[in-house]
Amino acid sequence: MALANRFHLPLEKTLRVIHLCFIFVFLLTTFLFWQQGKLFNQGYRTSQLSHLESVVARLESRAKYTMDSLRYLQRIFIDAMDDPLFPGSVRAFSEIIDQQGSAPLWGSELPLPLKAGFSPNIASPAKYELHALRKIQDFFPLAGDAKNLPADIYYISRQGKYIASLSPEINSLLVRSYHPRSKEGIFILASPLLNPQRQPFWTRQNIARAQHTLINSAVPIDFHGEWIGLLGIAITGENITTLLNDSLSGQTQSAYQLFDGRLHPLTAAAGELNHVKLTAAQLALISKKLAASAQGTLRFWHVYVTFGMIPGTQSVLISTQTLRQGLHEDFGHFSALLVMMWVIFVLLLWASHRMICRLVRNMGTLQREMHWHAYHDPLTSARNRRGFFEKTAQLSPRYKDYTLIQIDLDRFKKVNDSFGHQAGDSVLVHATQYIQQAIRSKDVLGRLGGEEFCVYLPDTHLEAGIAVAVRIKKQLEFSPLALSNGSVLTITASLGVAAHSEHPHYSLEQIQSLADERLYRAKLRGRNQVCADGEETQA
Ligand SMILES: Nc1nc2c(ncn2[C@@H]2O[C@H](COP(=O)(O)OP(=O)(O)OP(=O)(O)O)[C@@H](O)[C@H]2O)c(=O)[nH]1
């Protein structure tokens with residue numbers, strides 16, 4: 001008993017400990033993988049930002065010439081308006097317009113929307129603007145960097161006079177773009193409210209009823225603290241897109257797009273194939289981030305977005321990259337490898353967990369079987385001698401008044417001799433079943449050896465025990481066994497009964513010996529009978 005119990009594993013507890021160990025290993029390793037993934041993510045973020053920065057730098061250097069020209073013209077313009085010694089005569093506006101044919105500096109009057117930023121009541125007289133324009137007209141061809149960025153310079157007065165530049169095509173586009181119903185006029189961005197620093201800015205101008213798009217690099221012109229007009233360089237959308245494409249280097253999986261300060265697109269996306277169209281909500285989030293920092297990154301589900309301001313232009317460069325595109329880059333390869341390693345690790349962990357659990361379960365089953373075999377008779381499944389005495393020893397202190405019935409099948413040797421050992425085994429199994437049926441579930445049945453059985457009846461005095469013995473005898477006698485060869489065997493048994501109450505000072509073994517003596521007395525008296533206390537009880 002002690003040996004089997006000593007090695008008895010509390011299976012459920014053991015399994016629970018194994019589960020906990022594996023969960024711990026899983027969580028720890030997943031955490032380590034996660035940390036590594038975060039490092040890769042940081043690296044990826046930095047590489048995206050540095051790529052964006054290099055494109056921004058290239059764009060900035062290419063746009064710098066335009067912006068410098070603009071600032072330069074702005075300064076000359078303002079100086080010229082203030083200069084009382086400005087050479088040349090001041091002519092009437094209409095007089096200048098008459099000279100359109102010979103000097104294509106002046107455009108025509110615009111149908112400007114007076115209520116939307118264009119005021120006819122500006123204090124500064126038009127003559128100052130005319131002075132200034134005449135002075136800067138010679139610089140106009142210089143400002144347009146025809147080689148790098150074909151552009152055109154123009155001036156628009158807030159008084160509603162349109163004064164255009166060299167290209168008749170751009171003139172006509174500008175005229176059309178300032179339609180009274182248009183809400184996208186660049187004047188809005190030049191107002192002191194939206195541009196308190198009076199900085200140059202880039203913005204897109206959709207030309208109504210035209211295929212073209214103009215990107216304006218513009219700067220507000222103030223005179224004596226009064227905002228009087230706008231000096232700008234108009235670049236066609238195609239040229240800006242070309243500029244962006246030229247600024248990208250090498251093979252990139254990202255798509256780049258240039259936006260104005262209000263995140264309206266200025267160019268088509270470079271890397272069109274990979275382009276992801278951002279929603280208004282996503283652009284609003286980027287705009288919020290840009291208010292706090294000049295550049296940053298965001299992730300919208302599987303799309304990684306990197307953005308940064310282009311200094312001096314108030315425009316924003318945004319690059320987008322989907323997860324699939326990212327996987328083609330170095331950090332994507334590393335991340336995919338990391339995820340693969342994690343998956344393999346989890347699969348191996350899961351497989352080893354299953355294997356160990358199965359091993360422990362098998363060990364548990366084996367142990368239970370060994371334990372069962374140590375205490376039971378494998379033929380009849382009744383308790384063996386060891387199992388019987390262990391169980392009854394456990395029960396005896398609880399039940400002072402118990403009775404033992406000793407049972408021995410009659411002439412069993414004859415069955416073996418006549419019908420074979422197998423038939424003898426069947427008789428033993430048959431007898432066990434019927435004895436079991438005749439007793440209560442709390443009674444204990446044991447096969448003590450050969451064809452000898454013993455029943456322990458707890459809480460039972462002698463008379464009740466004798467009654468149970470008689471019931472067993474009858475049950476066996478009237479339940480013949482049919483053999484496979486057609487023979488029918490009647491099984492009888494001799495039974496000896498002894499109760500603890502007869503000799504309260506006797507041990508269990510002594511009571512059993514007494515029952516055994518009475519059994520042999522029953523045998524001597526002719527078998528198939530119950531014997532108790534030396535007196536034969538015939539049933
Ligand atoms: N088939 C089978 N026979 C067994 C087993 N264990 C013991 N025996 C046989 O049981 C027989 C017992 O015979 P005996 O002790 O002479 O008793 P009996 O023939 O029943 O005669 P009485 O007890 O005097 O009625 C022996 O022949 C044993 O070999 C067993 O597990 N299976």
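Reader: Over how many bridges do S7 and strand S8 (residues 303–310) pair?

Author: Good place to start: this is a predicted model, where local features need pLDDT of at least 70, side-chain atom pairs count only at pLDDT 80 or more, and totals for chains, interfaces and linings use all residues. Residues are numbered from 1 along each chain as its sequence is written. Helices (H or I, at least four residues) and strands (E, at least two) are DSSP runs numbered from the N terminus, and two strands pair if DSSP finds at least two bridges between them. S7 and S8 pair in the antiparallel sense, and the number of bridges is six.

Reader: Which residue in S8 is the bridge partner of arginine 299?

Author: Let's go along the pair. Leucine 298 faces valine 305 of S8. For arginine 299, the bridge partner in S8 is tyrosine 304.

Reader: In the hairpin of S7 and S8, which residue takes a positive phi?

Author: Two residues lie between the strands of this hairpin. The residue in question sits in the loop between S7 and S8 and has a phi of about 55° although it is not a glycine.

Reader: Is valine 303 buried, exposed or partly exposed?

Author: Valine 303 belongs to strand S8. Leaving aside neighbours within four places in sequence, it is in contact (C-beta atoms, placed from the backbone, within 7 Å) with Val276, Thr320 and Thr322. Because it has 16 other C-beta atoms within 10 Å, valine 303 is partly exposed.

Reader: What order do the four strands take in the open sheet?

Author: Its edge strands are S6 (255–259) and S7 (295–300), each pairing on one side only. Strands of a sheet pair through backbone hydrogen bonds, either parallel or antiparallel. In this open sheet the pairing is antiparallel and the order is S6-S9-S8-S7.

Reader: At about what angle does helix H2 (residues 11–82) run to S8?

Author: Axes are lines fitted to C-alpha atoms, for helices over the stretch in contact, and angles run from 0 to 180 degrees between N-to-C directions. With direction ignored, neighbouring strands of the sheet S6-S9-S8-S7 are turned by 20° against each other on average. H2 lies across S6, S7, S8 and strand S9 (315–322), and its angle to S8 is about 35°.

Reader: Within what arc do the buried residues of H8 fall, seen down its axis?

Author: In helix H8 (residues 237–247), the buried residues are Gly237, Ile240, Leu243, Leu244 and Ser247. They line one face of the helix, because the arc, taken from the directions from the helix axis to the C-beta atoms, within which they fall is 120°.

Reader: How many of the six residues of strand S11 (residues 444–449) are buried?

Author: S11 pairs with strand S12 (residues 452–457) in the antiparallel sense over five bridges, with leucine 445 bridged to valine 455 in S12. The two form a hairpin with two residues between them, and glycine 450 in the turn has a positive phi of about 45°. S11 is largely enclosed by the rest of the structure, because the number of its six residues that are buried is five.

Reader: How far apart in space are lysine 414 and glycine 424, C-alpha to C-alpha?

Author: Lysine 414 is part of helix H13, and it counts as exposed because it has 10 C-beta neighbours inside 10 Å. In sequence, lysine 414 and glycine 424 are ten residues apart; C-alpha to C-alpha, they are separated by 9.0 Å.

Terms used. Two residues are in contact if their C-beta atoms, placed from the backbone, lie within 7 Å. A residue is buried if 20 or more other C-beta atoms lie within 10 Å of its own, exposed if 12 or fewer, and partly exposed in between; C-beta atoms are placed from the backbone.
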